[in-house]
Amino acid sequence: MATQTVNMNCHGWAARDPSGVLSPYEFNRRDIAADDVSIRITHCGVCYADVVWTKNYHGDSKYPVVPGHEIVGLVKEVGPNVKRFNVGDHVGVGTYVNSCRDCEYCNQGMEVNCVKGSVFTFNGVDADGSITKGGYSSFIVVHERYCYKIPENYPSHLAAPLLCAGITVYSPMMRHNMNQPGKSLGVIGLGGLGHMAVLFGKAFGLKVTVLSTSIAKKEEALTLLGADNFVISSDEQKMKALAGSLDFIVDTASGDHQFDPYLCLLKTQGAYVLVGFPREVKFSPASLLVGMKTFSGSITGGTKVTQEMLEFCAAKKIYPKVEVVPIEYANDALERLMKKDVKYRFVIDIENSLK
Ligand SMILES: NC(=O)c1ccc[n+]([C@@H]2O[C@H](COP(=O)([O-])OP(=O)(O)OC[C@H]3O[C@@H](n4cnc5c(N)ncnc54)[C@H](OP(=O)(O)O)[C@@H]3O)[C@@H](O)[C@H]2O)c1
Ligand SMILES: [Zn+2]
Ligand SMILES: [Zn+2]
């Protein structure tokens, strides 16, 4: 046993069972291949997905689970075929680390939609059969295709949340043409994803209404994030006043909720994008048919739109609001996500706390 531990090359924190409790864990990353980069991780964001898979909510967790898919760090080694990166580059890795690289979606830079399935950054089964391990760890080895350049001078701790929370809302917002100044956007749930939707909405010139369950988030939503309106979704009168007023809704709620009360807020031909992951989606057909509404879903984004989003955030000076915490705080951070107690993304300072 002792010798095995000595040989492990990567330090991380892992959950061992559905209690989801994380503790230090040593494991091996693969040797660098010709197209790989090896990245020393400096920061990793804490996504609700980390709660989902450490606690086996979907019944498919493969323990030990090392979570984390908002990874930022510095390139420490590159394989001989790597073209886009050099040692020392400031880079990121998001929610997937592999795909077939040869299907219609991969060929368009939409690798997350790969017909053979993209390989998620943690709890995924990679091409060699190994179970992927995420960013609550000291380094990661990844094919250069799934690695992003962090724009110059964009701070590492702020870049991390862009790699899941940011791209997950940016990609469908662009696909549904939500970047039309003057239109109105509703954002359900003000956590990691939701606060990015507010920031993008304001950058696109939209009138943004936050639809929240937490009154404690009102003040900052209006001042710090620049939302135009804040409504508690259980307030029937305020919800009634909003009926038929929104062009778009981005639903980022992590928990179960009704859909009809939100769908009726849309204007005729309005678009509703679901990115949160409730256990069930159920609504009256009339909520969709009357008013010719569109209801759609989305999962993170391809490599092309992800790199574009990073450049957009740098150009427009869009910065997530984060709480930087040490790795020892990871269990508390996950607990706080479950209590909706987050403003608005925890980012783990891997560099200074994971020893
Ligand atoms: N589609 C994708 O690619 C993708 C990527 C990442 C995450 N996700 C999913 O997206 C969701 C949000 O992730 P996140 O990291 O942003 O989570 P988060 O930071 O924990 O924020 C989620 C927010 O949703 C709201 N909420 C929670 N339960 C609710 C309920 N029952 N009804 C209404 N609102 C509720 C709360 O905001 P208020 O306090 O304002 O109500 C909460 O803070 C999760 O389900 C996650 O699994 C999907
Ligand atoms: Zn995520
Ligand atoms: Zn593919």
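I began at Ser212, which stands opposite Ile232 in strand S12, in a model that is predicted, where local features need pLDDT of at least 70, side-chain atom pairs count only at pLDDT 80 or more, and totals for chains, interfaces and linings use all residues. Residues are numbered from 1 along each chain as its sequence is written, while chains are lettered from A and ligands numbered from 1 in the order in which they are written.

I then looked up the strands, which are DSSP runs of E with at least two residues, as helices are runs of H or I with at least four, numbered from the N terminus. Strand S11 (residues 207-212) runs parallel to strand S12 (residues 229-232), and four bridges join them; pairing requires at least two bridges found by DSSP. With helix H6 (residues 218-223), S11 and S12 make a right-handed β-α-β unit, meaning that, with the strands pointing away from the viewer, the path from the first strand over the helix to the second runs clockwise.

Next I checked the domains, whose bounds come from an automatic or database assignment: domain 1 (2-164 + 321-353) and domain 2 (166-297). Their C-alpha centres lie 28 Å apart, and the contact (C-beta atoms, placed from the backbone, within 7 Å) takes 13 residues from domain 1 and 13 residues from domain 2.

Last, I turned to ligand 1, which 32 residues surround, each with its C-beta atom, placed from the backbone, within 6 Å. Ser212 returns here among the closest, along with Gly189, Gly191, Ala253 and Gly255. The shell draws at least three residues from each of domain 1 and domain 2.

Key: Two residues are in contact if their C-beta atoms, placed from the backbone, lie within 7 Å.
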